[in-house]
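Dear colleague,

I am passing on the structure we spoke about, and below it you will find my notes on what came out of the analysis. Please read them with the model open beside you.

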Amino acid sequence: MKAKTRGFGTVYLSLFFVFLYLPVLSVVLYSFNASRSTAQWTGWTLDWYRQLFSDRAIVEAFRVSIVVALLTALLSAVLGTFAAVISLWVTSRMKTAIQGMMILPLIVPEVALGVSLLFFFNAMRLPFGVLTLVLSHSLFCVPYVYIMVRLRLQEIDRSILESALDLGASTWQMVRTIILPLVAPSIVTAALLCLAMSLDDVIISTYMSGPRSTTLPVHVFSMMRVGVTPKVNALCTLILIGTFFIIGLSQLITNKRRFAK
Amino acid sequence: MSTWKRNLLAAPVLLWIGLLVGVPMVLVVALSFLSRDNLGNIVYQFTLDNYRRVLDPIYLRVFWNSLLLALLTGVITLLIGYPVAYISANLPPRRRALALGLIMLPFWISSLLRTYGWMILLGNTGLINNLLLALGIVDRPLPMMYKFGTSLVGTAYMLLPFMVVAVFNSVDKLDRSLLEASYDLGASRRQTFFHITIPLTLPGIVGGFTLVFIPALGLYFVSDLLGGGNTVFLGNLIHTMATRGRNRPLAAAFSLGMVALALLVLSLYWKVSKDKSGEALFQ
């Protein structure tokens, strides 16, 4: 009986992972197809990749995306960590208020957030571009940094902090020499997550992009609307490789303890 | 430091959220009561017209489409995802870590790429049709793209990992001794599953449903690429109204309608789980 259910479990899980990764693998595979159509496989080629680098719109969108993602990750890491660390000092009511506010951008549907920011920046006469992109991306990034850093802070032994103060450290010294080093791995992981989320965002970015500052996903989306072309496959594959590079980095930083238990 | 001074530390955080969520949301509410002229400029005159139009049968249909899509996405991801979470959580440690890694990896993979994968699989010259034609099962390509079902497949596929992770966490917390007690008292596996396991993992189920339902309302690029605009959803409508359609007051009213749908599901979540802030959803 037990062996039978285990066998079923393995089969079910395997089928699930095939389902989960089949679309991804087919995109990668067909980026190497010499034929323009997915109807047939006419041999291997790297031509589609070559075409990417000569497409100036793509290169420019990529540049904007990288700048936006780096700035977003930086801003979010600072603001999210700040919010988590000051939660140690504010009154418990303020702490609850901060918690509630951090959840807000995550539970309001992204389309509604995008539309509201479009109206707001319009009313403020802010030019749409890198600034509006970074500000709007920080909305869904800061909360993740805040949550991850706060979870780490909860693990810190309070007596360490008390002894630091007892030994005459100032509050700032304690933050700098004890708290920040202890939460640093969480900040870095969260910042990498922000980088990936910012690089992947389509919904808010469509509202925030300026005439000469389209992000890569917004550009890719407009390419995809035309239909399936191997050039899009090649671009998607490159983005995938870039993302895996980021994951590799974050895996080096975090230990696997959290998954294995 | 006095409490007042200590709370002053929170000022930058309050400013950030107030400026980027508070003020814009107030603006949306205000806009939804205004009208516009033929050029799409805002006319500062109070009106309830936008809400009247939201209740127009044509537009109610759009609400219904979105609600149906989000509900079905929730149900499908639960039916597929629950067994995945349950089986993975009970694996031996090493394989369990591997399974969890494979479940979470798609979070990092571009959502456009994952949607595009379905265009390649389901298109008329797509891989599935190629296979069916080659095997002689069909003699003409099956039309699978640009239907409500295509949008549903894409949306459910996109959000499936959220459901699995939410259920996984609650199965993980399940006290195994309760299951053993149930068997010892003579309950069958089936009875134990429906009377012990399901009720105890309910917070995970409802949490997962919430996490899936809210984005499903607005993943307009998925329904755009896979559904081809044949079925109009809230996300597509709001996007068109706010940009090319130049009808911002109506877009505002529809956005608030979307927020209302999200709040409806959240209130259910708050009721079932004891997680008041909702933070547990995102851990």
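How many residues of chain A are in contact with chain B, and how many of chain B with chain A? In this predicted model, 67 residues of chain A meet 69 residues of chain B.

Within chain B, one helix pair deserves a description. Helix 6 (residues 111-122) of chain B packs against helix 12 (residues 220-227) of chain B at an angle of about 20°, the two axes lying 10 Å apart; since angles under 35 degrees count as roughly parallel, these two helices of chain B are therefore roughly parallel to each other. The crossing of helix 6 of chain B past helix 12 of chain B is right-handed. Helix 6 of chain B contributes L112(B), T115(B), W118(B) and M119(B) to the contact, while helix 12 of chain B contributes F221(B), V222(B), L225(B) and L226(B), which gives 7 nonpolar residues, 1 polar residue and no charged ones.

As to confidence, chain A has an average pLDDT of 89, with 95% of its residues scoring at least 70. Among the elements of chain A, the highest mean, 95, belongs to helix 3 (residues 56-86) of chain A, and the lowest, 45, to helix 12 (residues 257-260) of chain A. Over residues 256-261 of chain A the pLDDT stays under 50, and the model has 6 contacts beyond four places in sequence for that stretch. Where pLDDT is low, the predicted coordinates should not be read in detail.

With best regards

Conventions. Residues numbered from 1 in each chain as written. Chains lettered and ligands numbered in written order. Predicted model: local features only at pLDDT ≥ 70, side-chain atom pairs only at ≥ 80, totals over all residues. pLDDT = per-residue confidence, 0-100. Helix = DSSP H or I, 4+ residues; strand = E, 2+ residues; numbered from the N terminus. Contact = placed C-beta atoms within 7 Å. Axes fitted to C-alpha atoms, helices over the stretch in contact; angles between N-to-C directions. Parallel < 35°, antiparallel > 145°, perpendicular 65-115°, else oblique. Left-handed = near helix turned anticlockwise from the far one by under 90°. Nonpolar A, V, L, I, M, F, W, Y, C, P; charged D, E, K, R; others polar.
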